[in-house]
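I opened the model to look up its fold and its aromatic side chains. My entries follow.

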Amino acid sequence: CYCFLIANHKLLRPFCYEKHMHFLDATEFNRTNPIYINMVRHPLDRILSWYYYARSPQYIYAEHSPTDIPDLKMMKRTFEECVINKSNDCIYPIG
């Protein structure tokens, strides 16, 4: 996951926002711009992380309707098994 450290002089301590965050020019609102730090991961680590995250209960129930939940067998499959079987859910477009 990406971690952006946002430091604000009015806060008692810095805090970390741990998701995707679009740049916001805070000077338009008469505020000091935060400090953004972007962590870049190795592409294979990113794919593995996404593969397993997309199978986690918090993602499944947040992103799928109750009638659209994937079958349990697919959810328990490892990434290696997915690649060996050439399943569609582990094929990622180039780029």
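I took helices (H or I, at least four residues) and strands (E, at least two) as DSSP runs, numbered from the N terminus. On that basis the elements of the protein chain run β-β-α-α-α-α from the N terminus on.

I noted that this is a predicted model, where local features need pLDDT of at least 70, side-chain atom pairs count only at pLDDT 80 or more, and totals for chains, interfaces and linings use all residues. Residues are numbered from 1 along each chain as its sequence is written, and side-chain values use heavy atoms, with hydrogens and water left out.

I looked up burial next (buried is under 20% relative accessible area, exposed over 50%, partly exposed in between; 1.4 Å probe, protein chains only). Of the 95 residues in the protein chain, 18% are buried.

I then turned to ring pairs. Rings of Phe, Tyr and Trp (its six-membered ring) pair if their centres lie within 6.5 Å; planes under 30 degrees apart are stacked, over 60 edge-to-face, the rest tilted. I found 3 aromatic pairs in the structure. The ring centres of Trp 50 and Tyr 53 are 5.8 Å apart with planes at 45 degrees, so I logged that pair as tilted. Both residues sit in helix H1 (residues 43-53), 3 residues apart, about one turn of the helix. I also logged Tyr 51 and Phe 79 as an edge-to-face pair, at 5.1 Å centre to centre and 75 degrees between the planes. This pair links distant parts of the chain, with Tyr 51 in helix H1 and Phe 79 in helix H4 (residues 79-84), 28 residues apart. Tyr 51 and Phe 79 are both buried.
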